[in-house]
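Reader: Could we go through this one together? I would like to start with the open spaces and then turn to the helices and the backbone.

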Amino acid sequence: MNRLLSGVCAGALMLASGAGTALASDLPGKFDGVTVDVKLIGGQQYEKLYERIPEWEKATGAKVNILTKKNGFDIDKELKSDIASGSTNWCVGWNHSSFAPQYTGLYTDLSKLLPKSEIDAFVPSTIKAATIDGKLEMLPRAQFDVSALYYQKSLYENADNKTKFKAKYGYDLVPPDTWKEVTDQAEFFANPPNFYGTQFAGKEEAINGRFYEMVVAEGGEYLDKDGKPVFNSEAGIRALDWFVNLYKAKAVPAGTTNYLWDDLGQGFASGTVAINLDWPGWAGFFNDPKSSKVAGNVGVKVAPKGSAGVRTGWSGFHGFSVTENCPNKEAAASLVWWLTNEDSQKLEATAGPLPTRTAVWDWDLQQAANDPYKKEVLSAFQEEAKHAFAVPQTPEWIEISNAVYPELQAAILGDKTSKQALDEAADKATQILQDAGKL
């Protein structure tokens with residue numbers, strides 16, 4: 001994972017996989033009268049791709065029936081409910097590299113349904129991460145995620161800001177390269193309730209993932225080499241205190257503990273946030289005057305370092321899968337291919353998300369040649385990809401997140417100390433892993 005995009009740029013060799021049953025020339029195929037039931041992730045950065053579904057319907061004669069379109073955390077809960085109740089006879093579902101280990105048994109092996117040449121067209125590390133227990137359980141869409149830092153350039157160009165900041169903190173006001181500098185600048189820029197220094201998603205896996213990468217940046221571990229939760233360490237306390245102290249200083253919005261990704265995207269685009277750690281899928285949205293008040297004023301750079309000299313780099317990617325119980329797997333696989341093929345990846349990459357097909361990454365670089373903002377975005381995310389790391393590869397990751405995040409919230413809101421919250425969170429996470437037979 002931590003060499004995903006740099007591997008693309010180096011033109012890494014493709015990963016060999018088993019031959020599929022379909023021929024590339026047969027795609028997308030003909031499926032007259034077939035209806036494919038699907039469950040998709042929804043949200044601003046994901047929607048444009050779904051406009052290609054009618055083209056697939058016209059080409060194949062099949063119909064797509066969207067049963068669900070929810071954010072990733074809610075659709076995860078729905079998929080688990082379907083598994084528990086045996087209601088898995090729909091066909092195509094959302095998947096994500098961080099969530100996928102939970103779904104083994106739900107999704108089928110796509111390498112048996114699609115041509116090898118199409119699978120080989122993806123970045124090898126994404127195919128490796130999408131292969132669980134020997135099964136290729138999803139095809140990655142152009143939504144490789146690792147976060148870089150977006151900021152309002154005019155704040156750093158303002159002479160008055162520069163003078164006052166230097167007088168207060170003793171160093172020049174430039175876009176931050178450490179999380180300590182983010183703290184200083186967020187507090188400096190904040191003018192609540194009208195303007196905030198920064199923000200963070202404060203619930204679900206969103207806050208746990210951010211906490212996880214901050215623990216790493218502080219020199220700690222979330223799980224040790226034996227899989228035991230050890231985030232209630234000095235490094236963990238420093239990581240959680242970063243969130244706690246910004247909230248206490250009112251440098252972040254009061255409602256941030258209820259925020260998820262769309263809230264952050266809309267917040268930065270509203271012009272009321274100075275610095276925003278966020279995903280590549282928002283890059284186009286932030287610089288589009290139709291959707292953003294900061295268009296033309298957006299800078300992008302690699303994520304900052306923690307006190308251990310390590311940059312934050314929590315990463316993963318979205319994809320599509322086909323269920324084992326789908327009544328027409330060939331049609332479903334064709335739709336998954338369609339939503340991840342070169343044309344689809346180019347459509348998504350145009351708005352900022354990073355592609356997962358080698359050829360589309362090369363195309364994306366060419367498109368940026370005469371676009372200074374796009375070049376800045378790609379340069380920042382290329383650099384950030386060198387520091388990318390996945391979540392702990394345990395099927396219990398999301399269950400642990402669901403137990404840990406209320407404790408993180410309790411510390412942020414001042415109901416518990418960081419040490420109390422982390423000790424209780426670690427106890428809960430340990431119990432989950434013991435119950436699963438992992439400890």
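Reader: How do the residues of the lining of the largest pocket divide into nonpolar, polar and charged?

Author: They divide into ten nonpolar, ten polar and three charged residues, where Ala, Val, Leu, Ile, Met, Phe, Trp, Tyr, Cys and Pro count as nonpolar, Asp, Glu, Lys and Arg as charged, and the others, Gly among them, as polar. This is a predicted model, in which local features need pLDDT of at least 70 and side-chain atom pairs count only at pLDDT 80 or more, while totals for chains, interfaces and linings use all residues. Residues are numbered from 1 along each chain as its sequence is written, and side-chain values use heavy atoms, with hydrogens and water left out.

Reader: And what counts as a pocket here?

Author: On a 1 Å grid over the protein atoms alone, a pocket is an open set of points with protein on both sides within 12 Å along at least five of seven lines, whereas a cavity is a set of points where a 1.4 Å probe fits but cannot get out; lining residues have an atom within 4 Å of a point.

Reader: What volume does the largest pocket have, and which residues lie nearest its centre?

Author: Its volume is about 340 Å³, taken as the space filled by probe spheres set on grid points that are joined across faces, edges and corners. The lining of the largest pocket has 23 residues, and Ile41, Tyr46, Phe73, Trp261 and His318 are the ones nearest the centre. Two or more lining residues come from each of helix H2 (44-47), helix H4 (72-85), strand S3 (92-96), helix H12 and strand S10 (315-322), with helices (H or I, at least four residues) and strands (E, at least two) being DSSP runs numbered from the N terminus.

Reader: Which strand gives the most, and which domains are drawn on?

Author: S10 gives the most to this lining, with three residues. At least three residues come from each of domain 1 (35-144 + 316-376) and domain 2 (148-314 + 390-436), the bounds being those of an automatic or database domain assignment.

Reader: Moving on, how many cavities of 30 Å³ or more are there?

Author: The structure holds one, and about 120 Å³ of space lies in the largest cavity. Of its 16 lining residues, Gln199, Phe200, Arg210, Trp242 and Leu277 are the closest to the centre. By type, the lining of this cavity divides into twelve nonpolar, two polar and two charged residues.

Reader: Which helix gives the most to that lining?

Author: Helix H10 does, with three residues; helix H9 (179-189), H10 itself (204-217), helix H11 (234-248), helix H12 (261-269) and strand S8 (275-278) each supply at least two.

Reader: Is H10 largely enclosed or open, and how far does H10 reach?

Author: Of the 14 residues of H10, 13 are buried, so H10 is largely enclosed by the rest of the structure; buried means under 20% relative accessible area, exposed over 50%, and partly exposed in between (1.4 Å probe, protein chains only). From its first C-alpha to its last, H10 reaches 21 Å, close to the 20 Å expected at 1.5 Å a residue, where the expected span is 1.5 Å times one less than the number of residues.

Reader: What about phi in and just after H10?

Author: Glu204, which is in H10, has a positive phi of about 60° although it is not a glycine, and Glu204 is buried, with a relative accessible area of 10%. Just after H10, Gly219 takes a positive phi of about 90°.

Reader: Where else is phi positive in a residue other than glycine?

Author: At Lys250, where phi is near 60°. Lys250 is in the loop between H11 and H12 and is exposed, with a relative accessible area of 55%.

Reader: Which peptide bonds are cis?

Author: The bond from Leu27 to Pro28 is cis, with omega near 5°, and so is the bond from Pro192 to Pro193, also with omega near 5°. Pro28 is in the loop between helix H1 (4-9) and strand S1 (35-41), whereas Pro193 is in the loop between H9 and H10.

Reader: Last one: where does H18 bend?

Author: H18 bends by about 30° at Val404, and a proline, Pro406, follows within four residues; the bend is the angle between axes fitted to the seven residues ending at a residue and the seven starting there. Of the 16 residues of H18, 13 are buried, so H18 is largely enclosed by the rest of the structure.
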